[in-house]
Amino acid sequence: KIPALSDSLPMIRLANGKVIVLSKAGQNLSQAGLSAAVGQSSIALSAQGDDVPLEMLELVIPRGRQYQVSLPDGSMVSLNSGSTLRFPNRFTSTRNVYLRGEAYFEVKKDGRPFKVTCPAGDVNVLGTTFNVRAYNSERAYIALYTGKVRYENNGRKIELSPGEQIVKSGNEISVNQIYNKQTAAWKDGLIYFNDDSLCDVMDDIERIYDVKVVFQKNVRDITFTGECKRTE
């Protein structure tokens with residue numbers, strides 16, 4: 001379990017704009033066609049039946065928190081601080097979700113395709129484990145651990161094999177080996193930096209601890225390497 005570093009609680013936003021705060025275990029989300037069992041750092045979502053009207057929902061993870069989420073199809077998604085995931089209250093012949101932020105996916109293989117759309121493009125899978133980091137469209141990282149995924153962006157298609165990652169910076173896209181623990185260290189409660197600028201480091205610090213960082217001197221480009229636990 002990852003300790004909470006903020007009093008903020010996760011929320012589900014319905015298609016009509018109504019917001020439901022997930023504040024207690026076994027919460028009834030009948031308005032959304034779901035039920036949710038909420039723990040300190042986990043959310044288990046289950047569909048209430050195939051006759052429920054299909055509706056897109058948005059799960060909002062606040063800064064200072066991270067959760068492991070079980071989707072209605074049994075797939076597991078670890079969502080990092082300050083991330084949002086849009087998904088249907090029940091999956092049909094396809095499984096499409098929309099991510100803004102960072103998530104580690106463990107997709108349950110059931111024959112149906114699974115697609116993650118993020119600001120930097122689409123990731124198509126059948127059954128696999130991978131990490132997507134895309135808080136915006138300019139910079140993104142997609143790391144594959146098991147299985148196979150296909151990344152699509154502006155007509156370009158790239159297939160990844162286990163141990164490979166895509167790095168997108170602006171319009172430049174490269175594929176290289178996963179050479180450090182940074183891509184998924186966050187889900188184990190670690191903060192890991194590898195020659196990262198202070199500006200990028202502080203972006204993460206803001207999300208992890210729900211604080212506002214102000215630079216009073218021109219030190220944004222100083223780089224840092226190292227790791228520690230979120231709680232230290």
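Among contacts in the chain between residues at least 6 apart in sequence, 47% join residues at least 24 apart. This picture comes from a predicted model. The chain holds two helices and 20 strands. Its radius of gyration is 18 Å, close to the 17 Å that the globule rule gives for 232 residues, so the chain is as compact as a globular protein of that length. Of the 232 residues, 46% count as buried. The accessible surface of the chain comes to about 11,500 Å², and carbon and sulfur atoms account for 47% of that area.

Strand β15 (residues 149-153) and strand β16 (residues 156-160) run antiparallel and are joined by five bridges.

The cysteines come next. How many disulfides does a search of the whole structure find? The search finds zero. A disulfide is a covalent bond between the sulfur atoms of two cysteines. For Cys 228, the closest cysteine sulfur is in Cys 199, 18 Å away, which is too far for a bond; the cut-off for a disulfide is a pair of cysteine sulfur atoms within 2.5 Å. Is Cys 118 buried or exposed? With a relative accessible area of 8%, Cys 118 is buried, whereas Cys 228, at 31% relative accessibility, counts as partly exposed.

Note on methods: Residues are numbered from 1 along each chain as its sequence is written. This is a predicted model: local features need pLDDT of at least 70, side-chain atom pairs count only at pLDDT 80 or more; totals for chains, interfaces and linings use all residues. Side-chain values use heavy atoms; hydrogens and water are left out. Buried means under 20% relative accessible area, exposed over 50%, partly exposed in between (1.4 Å probe, protein chains only). Two strands pair if DSSP finds at least two bridges between them. Helices (H or I, at least four residues) and strands (E, at least two) are DSSP runs, numbered from the N terminus. The radius of gyration is taken over C-alpha atoms; the globule rule is 2.2 Å times the number of residues to the power 0.38. Contact means heavy atoms within 4.5 Å. Accessible areas come from the Shrake-Rupley method with a 1.4 Å probe; for residues, only the protein chains shown count as cover.
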